Amino acid sequence: MDGADPNENVQDWATSEKPATGPQLSYLQTLARDAGEGVPADLTKADASRMIDRLQQASPRTRPGTSGSGESDFQTP
């Protein structure tokens, strides 16, 4: 592990304003498709992280106690 605090505010990340990563965007596309939403093209890493958190709360794919396909296949980058 890199010692990063997983509870740290995404705005405090040194790279929060850099463009979202490929894995973030890929995961977001999956979550957004499930939610019937689109993914903005110009997301920062911090914006992508917040959107992932929000969509995970609404997705049967990631909600605890559901049997959505791929539930254990996806992790927040």
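What you're looking at is a predicted model, in which local features need pLDDT of at least 70, side-chain atom pairs count only at pLDDT 80 or more, and totals for chains, interfaces and linings use all residues. Residues are numbered from 1 along each chain as its sequence is written, and side-chain values use heavy atoms, with hydrogens and water left out.

**The overall picture**

The chain has 2 helices and 0 strands. Both kinds of element are DSSP runs, numbered from the N terminus: helices are H or I with at least four residues, and strands are E with at least two. Of the 77 residues in the chain, 29% are buried. The accessible surface comes to about 5,100 Å², and carbon and sulfur atoms hold 49% of that; such areas come from the Shrake-Rupley method with a 1.4 Å probe, and for residues only the protein chains shown count as cover.

How do the parts of the chain meet? A contact here means heavy atoms within 4.5 Å. Take the contacts between residues at least 6 apart in sequence: 56% of them join residues at least 24 apart.

**The core**

A nonpolar core is a set of buried Ala, Val, Leu, Ile, Met, Phe, Trp, Tyr and Cys residues joined through side-chain atoms within 4.5 Å. The largest one in this model has 11 residues, including Tyr27, Leu31, Ala32, Ala48 and Leu55. H1 and H2 are the elements that give two or more residues to this core.

Now for glutamine 56, which is found in helix H2 (residues 45-58). With 16% relative accessibility, glutamine 56 counts as buried. Its side chain makes a polar contact with the side chain of tyrosine 27, at 2.8 Å. (A polar contact is a pair of N or O atoms within 3.5 Å; within protein, one must be able to donate a hydrogen and the other to accept it, and residues adjacent in sequence count only if both atoms are side-chain atoms.) Tyrosine 27 is also one of the core residues.

**Either side of the helices**

Is serine 59 buried or exposed? Serine 59 sits in the segment after H2, and at 3% relative accessibility it counts as buried. Setting aside neighbours within four places in sequence, serine 59 is in contact with Leu31 and Asp34.

Proline 19 lies in the segment before H1 and is exposed, with a relative accessible area of 61%. Beyond its neighbours within four places in sequence, proline 19 is in contact with Leu43, Thr44 and Lys45. From proline 19 to alanine 48 is 29 residues in sequence, but 8.9 Å in space, C-alpha to C-alpha.

**Salt bridges**

How many salt bridges does a search of the whole structure find? It turns up 2, where a salt bridge means a side-chain nitrogen of Lys or Arg within 4 Å of a carboxyl oxygen of Asp or Glu.

| Salt bridge | Closest N and O atoms |
|---|---|
| Glutamate 37 and arginine 54 | 2.9 Å |
| Arginine 50 and aspartate 47 | 2.6 Å |

Arginine 54 is partly exposed, at 45% relative accessibility.

The other pair, arginine 50 and aspartate 47, lies in helix H2, with the two residues 3 apart, about one turn of the helix. Arginine 50 counts as partly exposed at 36% relative accessibility, and aspartate 47 is partly exposed at 30%. Arginine 50 and asparagine 9 are 41 residues apart in sequence, with 9.9 Å between their C-alpha atoms.

The predictor's confidence in each residue is given as pLDDT, from 0 to 100. The chain's mean pLDDT is 78, and 65% of its residues reach 70 or more. Over residues 69-74, pLDDT stays under 50, and the model has 9 contacts for them beyond four places in sequence. Where pLDDT is low, the predicted coordinates should not be read in detail.

Key:
Buried means under 20% relative accessible area, exposed over 50%, partly exposed in between (1.4 Å probe, protein chains only).
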